[in-house]
Amino acid sequence: MVDQGMTTLRTSQVVSSSFRDPSGFVFREGDTLYRQVNAVYKDSYEHLVNSGLYEKLTTRGLLVPHEEATLAPPKPDIAYKVIRPEPVAFVSYPYEWCFSQLKDAALTLLAIQKTSLDFGMTLKDCSAYNVQFVKGRPVLIDTLSFEKHREGYPWVAYRQFCQHFLAPLALMGYKDVRLNRLLQTYIDGVPLDLASSLLPTRTRLSFSLLWHIHLHARSQKRFAGRRVRADRYKMGRLSLLGVINSLESATKRLKWQPRGTDWIDYYEDTNYSQEAFEGKKRIVAAFLDRIAPASVWDLGANVGVFSRLASDRGIPTISLDVDPAAVERNYLDSVGRQEDHILPLVLDLTNPSPGIGWGGEERMSLVERGPADTVIALALLHHLAIGNNTPFDKVAGLLSHICKRLIIEFVPKSDSQVQRLLATRDDIFTDYTQEAFEREFGQYFAIQDCVPVTDSERVLYLMKVTQS
Amino acid sequence: MYLDPGTGSLIIQLAIGALVGGLVAAKVSWVRVAGFFRRLFGGRSRHDDAED
């Protein structure tokens with residue numbers, strides 16, 4: 001496939017997450033992402049394409065498809081080719097994924113590794129950051145992750161798989177689901193000695209967790225700093241497949257269910273009637289039809305009922321909630337219904353994902369990944385203003401950075417959900433009024449519409465950013 | 001102190017490989033043996049290709 005002719009790249013920018021791999025790097029030219037394939041990777045790239053592995057993996061939706069571009073490479077002295085991968089609508093990170101998203105990403109990489117071996121190749125890295133959710137399903141986005149498999153060699157990405165996937169999944173499943181946040185601190189996956197010390201003793205009774213995590217951590221400590229000649233140790237094909245099968249069955253066996261909660265309760269804990277709920281849906285749907293947004297972020301989405309008003313209209317929708325159980329339910333629903341346009345993610349809006357990694361810019365902050373065309377913030381304001389002591393102007397300021405238009409619900413103080421928040425704190429929120437809300441938001445937004453929700457005291461607003 | 005964990009990971013992988021490699025071999029042999037008997041008794045051979 002041919003690009004728009006040879007172009008000289010003066011404005012191309014190497015993407016800050018792309019510096020470790022000598023095989024190539026990602027750069028941006030205008031709005032399009034390209035990948036330079038370096039000359040050192042020529043053999044592997046040709047084998048990937050010519051062996052049929054590329055076609056097999058892209059057909060099965062496991063690897064991102066790309067086209068070869070005739071764009072001049074930004075570093076021509078080391079270049080072999082420039083490719084243009086199919087774009088990923090929204091980049092998300094493993095510390096924002098729920099349990100099943102991390103698990104599905106892990107199983108995707110293992111499926112790729114097994115198929116690769118059939119074609120004489122192997123994955124040379126197994127970073128969770130190489131996986132992105134495209135149309136709701138995990139896809140490997142790093143075309144340069146493959147190398148020719150040398151018979152007799154072990155899997156070079158074994159340790160990375162354990163750190164990026166098996167350890168955090170085991171911690172989430174056996175200890176606490178919130179431990180996925182460790183991935184935000186440890187950018188190359190959870191150190192195995194840490195995972196081993198946090199996991200309950202009973203995990204030693206599981207053959208795979210005993211070996212892949214506990215004894216693995218011990219072995220790392222025992223042989224730390226010792227050099228071994230890798231070529232002295234040969235590993236037969238059956239042993240290699242055995243290791244991968246063992247990782248796969250260990251991953252499949254890991255489960256997580258929220259304790260003491262029934263999924264079904266997740267939308268029951270509301271204080272308004274079915275009529276108000278349906279009314280609210282109608283108003284949001286009418287707003288969406290009126291503004292036809294190009295993208296939506298639903299903040300405080302719970303299990304995604306309102307997000308689906310957008311995603312069912314074909315609008316790419318990110319459905320964010322702080323509760324890992326709600327996000328898990330939301331994701332499992334999206335998989336069950338084979339939805340293409342919704343991506344549920346775990347996010348604490350009071351402490352959104354920062355930029356992390358080298359120079360703090362290897363992985364983007366949430367704000368950098370915006371702005372969304374439209375933010376939906378329903379039943380959220382009182383949690384921020386009263387639950388988190390955030391003044392209206394601070395909330396409005398942040399929202400004006402991450403969207404161009406806003407659908408927001410005002411929940412008055414008299415509402416029983418607000419009263420519940422106030423039950424455990426002094427009411428210092430004298431400025432929590434509809435007038436103050438309109439005044440403070442008016443600094444950043446123009447109010448375009450305001451519709452009361454029938455059978456409730458709540459009001460829905462449609463706003464447009466005037467100043468961010 | 002930073003110590004490269006690569007060596008220990010390599011060694012544990014070899015150990016696990018030695019342990020579980022036998023299982024894969026047994027499975028492969030079992031499939032072959034079962035296939036042999038199935039053919040012997042005139043049953044159709046089964047194509048376990050559901051993944052593709």
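Here is a short chat about the predicted model above.

Me: Hi! How are residues, chains and ligands labelled here, and what pLDDT limits apply?
Reply: Residues are numbered from 1 along each chain as its sequence is written, while chains are lettered from A and ligands numbered from 1 in the order in which they are written. The model is predicted, with local features needing pLDDT of at least 70 and side-chain atom pairs counting only at pLDDT 80 or more, whereas totals for chains, interfaces and linings use all residues.

Me: Thanks! How many helices and strands does chain A have?
Reply: Chain A has 15 helices and 16 strands, taken as DSSP runs (H or I, at least four residues, for helices; E, at least two, for strands) numbered from the N terminus.

Me: And what share of chain A is buried?
Reply: Buried residues are 45% of the 468 in chain A, where buried means 20 or more other C-beta atoms, placed from the backbone, within 10 Å of the residue's own.

Me: Switching topic, which strands does β5(A) pair with?
Reply: Strand β5 (residues 79-85) runs antiparallel to β3 (residues 32-38), joined by 4 bridges, and β4 (residues 66-69) is also antiparallel to β5(A), with 4 bridges. Pairing requires at least two DSSP bridges.

Me: What about the contact between chains A and B?
Reply: Chain A puts in 28 residues and chain B 20, with contact meaning C-beta atoms, placed from the backbone, within 7 Å. On the chain A side, α8(A) gives the most, with 8 residues.

Note on methods:
Buried ≥ 20, exposed ≤ 12 C-beta atoms within 10 Å, placed from the backbone. Contact = placed C-beta atoms within 7 Å.
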